[in-house]
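Here is a friendly walk through one protein model, from its inside out. Have a look at the structure first, then read on.

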Amino acid sequence: MEGLRLKKKKGKGVGVGVGVIILMVMMRCVLGTLHRVGGKMGWSQNVNFTQWSAHENIYLHDWLVFNFNKQMYNVLEVNKTSYESCNDQGFIKNITKGGRDVVQLNEVRPYYYLSGRGFCWGGMKVAIFVQEAPPPPAQPPLGNASPSNTGGPTMVLVVASLSIALTFMGYYF
C-alpha cells in the first residue's frame, strides 16, 4: 500500500488565504478564546468594564483584544495599587501598538489594565481574573465499543478540517 501523497494543483494562490483562515479558526478552539474588551463598544469611555469583566469567563491562554482610537487612548498593564489609584506611571507594560491590540493571558493571576492621560479616572480600567481552564466534560463509558470507534467526533473534525484546509491551499489527494 502506497503512502499518502499530496499533489499541488495548478492555479491561483487564493486558496492559501482561505486555508490560513480555516487553520486560525481551528487554532482558536485549541489555544484559547478571544475576548473583545468592552464588547461592541471596545476600549472607550462610557463602558462599565467592571460589569463587562464580571460576565466573562477568562481562562489561561485566552486572548484580550483592545479596540480603540490610539490617538486618544492607550492600554497599560499595571499592578493592583496603580490600578486602584489610576496611576499610569511605572506601568508593567504598554501594549498600545495600533489601536487593535491583542494580548495573551499566559498566567493564572489577576491582570490590571488602564488607559492613561486621565481617562482611567473616567472609568477606563479593567481587572481581569484569569483562571485555570475547566476540565473537559467526562466521557460516558464506552461499554462494548470497538477500538476503531474511539476518537469519535473530535478526530473526524480534525481530519475534515485539515483536508479542507489543504484543499483550499491547492493540494489534493
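A nonpolar core here is a set of buried Ala, Val, Leu, Ile, Met, Phe, Trp, Tyr and Cys residues joined through side-chain atoms within 4.5 Å. Buried stands for under 20% relative accessible area, exposed for over 50%, and partly exposed for what lies in between, using a 1.4 Å probe and protein chains only. Keep in mind that this is a predicted model, where local features need pLDDT of at least 70 and side-chain atom pairs count only at pLDDT 80 or more, while totals for chains, interfaces and linings use all residues. Residues are numbered from 1 along each chain as its sequence is written, and side-chain values use heavy atoms, with hydrogens and water left out.

**The core**

Which residues touch the most other members of the largest nonpolar core? They are Trp-43, Leu-64, Phe-66, Tyr-113 and Ile-128, out of 21 residues in that core. Two or more residues each come from α2 (49-54), β3 (63-67), β7 (110-114) and β8 (125-129). These labels are DSSP runs numbered from the N terminus: helices are H or I with at least four residues, strands are E with at least two. There's also a second, separate core of 8 residues, including Val-78, Tyr-112, Leu-114 and Ala-127.

Let's zoom in on Phe-66. Setting aside residues up to four places away in sequence, Phe-66 touches Val-37, Trp-43, Val-75, Ile-95, Gly-99, Arg-100, Asp-101, Val-103 and Tyr-113; a contact is heavy atoms within 4.5 Å.

Rings of Phe, Tyr and Trp (its six-membered ring) pair if their centres lie within 6.5 Å; planes under 30 degrees apart are stacked, over 60 edge-to-face, and the rest tilted. Searching the whole structure turns up 7 aromatic pairs, and here are two of them.

| Pair | Type | Centre to centre | Angle between planes |
|---|---|---|---|
| Trp-43 and Phe-49 | tilted | 4.8 Å | 50 degrees |
| Tyr-73 and Phe-119 | edge-to-face | 4.8 Å | 80 degrees |

Tyr-73 sits in the loop between β3 and β4 (76-78) and Phe-119 in the loop between β7 and β8, so their pair ties together parts that are 46 residues apart in sequence. Tyr-73 is buried, with a relative accessible area of 7%.

**The strands**

Two strands pair if DSSP finds at least two bridges between them. Four strands make an open sheet in the order β5-β4-β7-β8, with antiparallel pairing. Its edge strands, β5 (93-94) and β8, each pair on one side only. Inside this sheet, β4 and β7 pair over 3 bridges, and Leu-76 has Leu-114 as its bridge partner in β7.

Elsewhere, β3 and β6 are antiparallel partners over 5 bridges, with Trp-63 standing opposite Gln-104 in β6. In a regular strand, side chains alternate between the two faces of the sheet. Strand β6 (residues 100-104) has Asp-101 and Val-103 on its covered face, and Arg-100, Val-102 and Gln-104 on its uncovered one.
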